[in-house]
Amino acid sequence: MTVSKGREFLSIPGPTNIPDAVLAAMHRPAIDIYAGDMVAVTHGLLEDLPRIFRTTGRTYIYAANGHGGWEAALTNVLSRGETVLVLESGLFALGWGDMAGMMGVKVEVLKGNPRRAVDPAALAQRLAADTAREIKAILVVQIDTASGVVNDIAAIHRAIASVGHPALLMVDAVASLGCMPFEMDEWGVDVAMAGSQKGLMTPPGLALVAANQRALAVHEHADLRTRYWDWTFRNGEAHYQKYGGTPPQHLLFGLRKALDMLFEEGLDAAIRRHALLAEAARHAVGRWAEGGALAFNVVRPEERANSVTTVLAPGFDPGVLSTYCREKCGVVLGRGIGDLQGRAFRIAHMGHVNAPMVFGVLGAVEMALGALGIPHGRGGVQAAVEYLGREVRP
Ligand SMILES: *Cc1c(COP(=O)(O)O)cnc(C)c1O
């Protein structure tokens, strides 16, 4: 017996739920790529994306996933033989660093604790020791979607500034843009990148990269530049140059609608919504954890991300829980990835989500914990409901 028929609940940390209005905006014939609507949408997006990144710098849109955005960011500002420092806080910054390594960049990793955010003091210490100023860029993710940690980018920038180090600060905001505050200019971020399919509620396939004046100056003598990713080429006047070829039209119409929705809600309101729904999920997980069979991956509450919660499962096989949720309830949970494969599951609360969606997922998990006989504290869903009832007043 199952109770799984009905709309499937996707609770993986990307791709995320796509609003019907975004899907509808994409449902149209192909159009001219040299004039009319397409050109207007490009101009509108290139004006609005800096408002999301919170920068006066330039933004670039690529037909690519997040990995493409990583490559775009790296090739535009780095040269062969230069050194980058990767700040470990889970999985994703390491992947970005590996990519730099394959391009002929020297990669040093500032080791981190897999259950903690990056330590700005350790960064300051490492940079102070770099008296020859060999480190040209620092790679860090704001939210690591594997560990569920959120890094304090402002504090990381203060650490860099405290020792007067000139390295570029490059931030992966794939799982945070539109979900948690991101202040590119205020936080001294030189290059930021994101993808369309997480907080931005659009199908996968668009990578977004933002660069400030410092990054654009370094770009001029970067020797890893290639035609497809190249900012200079994309700064050209012809419309097709903005995409290095045919624009990914339908995704662009989708993104246009998604940004309209985000601005209509208000970026601050969307960020607050994520904080509330994440805290509701954490209330449930905290209660379940009292049974001893599961735990938060991120040790410190203030370092837990508002877009995804990673739950360790020392007392059971998380695959069995996920299978139950999917097959019996129609809820798709995120699996543990990297070192957490087979050891954790992830609850996403990112993008186009509201209270019933989060309650639905939490309810299915609690149902699974009971049905599978996994020891857990009772009343997790109740705790989530009561928390939101206290915070969201009439
Ligand atoms: C999802 C994700 C990526 C990778 O994006 P893809 O579109 O899968 O290439 C990179 N960084 C972070 C933090 C992510 O969450």
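Author: The model is a predicted one, and its domain bounds come from an automatic or database domain assignment. Domain 1 takes in residues 9-16 + 266-391, while domain 2 covers 31-263. Between the C-alpha centres of the two domains the distance is 28 Å. Three residues stand out on the domain 1 side: Leu267, Ile271 and Glu303 supply 23% of the area that domain 1 buries against domain 2, more than any other three residues.

Next comes the ligand. Its surroundings are made up of Asn65, Gly66, His67, Trp70, Phe92, Ile143, Thr145, Asp172, Val174, Ala175, Gln197 and Lys198. Sorted by class, this shell has five nonpolar, five polar and two charged residues. Helix 3, residues 66-77, gives the most to the shell, with three residues.

Thr145 has a polar side-chain atom 2.2 Å from an oxygen atom of the ligand. In the side chain of Asp172, an N or O atom is 2.6 Å from a nitrogen atom of the ligand. For Gln197, an N or O atom of the side chain lies 2.6 Å from an oxygen atom of the ligand. The ligand taken alone exposes 380 Å², of which the protein buries 90%.

Two details of the backbone remain. Most residues other than glycine have a negative phi, and most peptide bonds are trans. Gly14 and Pro15 are joined by a cis peptide bond, with omega about -5°. Pro15 sits in the loop between strand 1 (9-11) and helix 1 (20-26). Arg54 has a positive phi, near 60°, and is a residue other than glycine. The loop that holds Arg54 runs between helix 2 (37-53) and strand 2 (58-63).

Definitions and conventions
Residues numbered from 1 in each chain as written. Predicted model: local features only at pLDDT ≥ 70, side-chain atom pairs only at ≥ 80, totals over all residues. Heavy atoms only, no water. Near = heavy atom within 4 Å. Polar contact = N/O pair within 3.5 Å; in protein donor to acceptor, adjacent residues only side chain to side chain. Areas by Shrake-Rupley, 256 points an atom, 1.4 Å probe, with all protein chains shown as cover. Helix = DSSP H or I, 4+ residues; strand = E, 2+ residues; numbered from the N terminus. Nonpolar A, V, L, I, M, F, W, Y, C, P; charged D, E, K, R; others polar. Buried area = accessible area lost by both parts, 1.4 Å probe.
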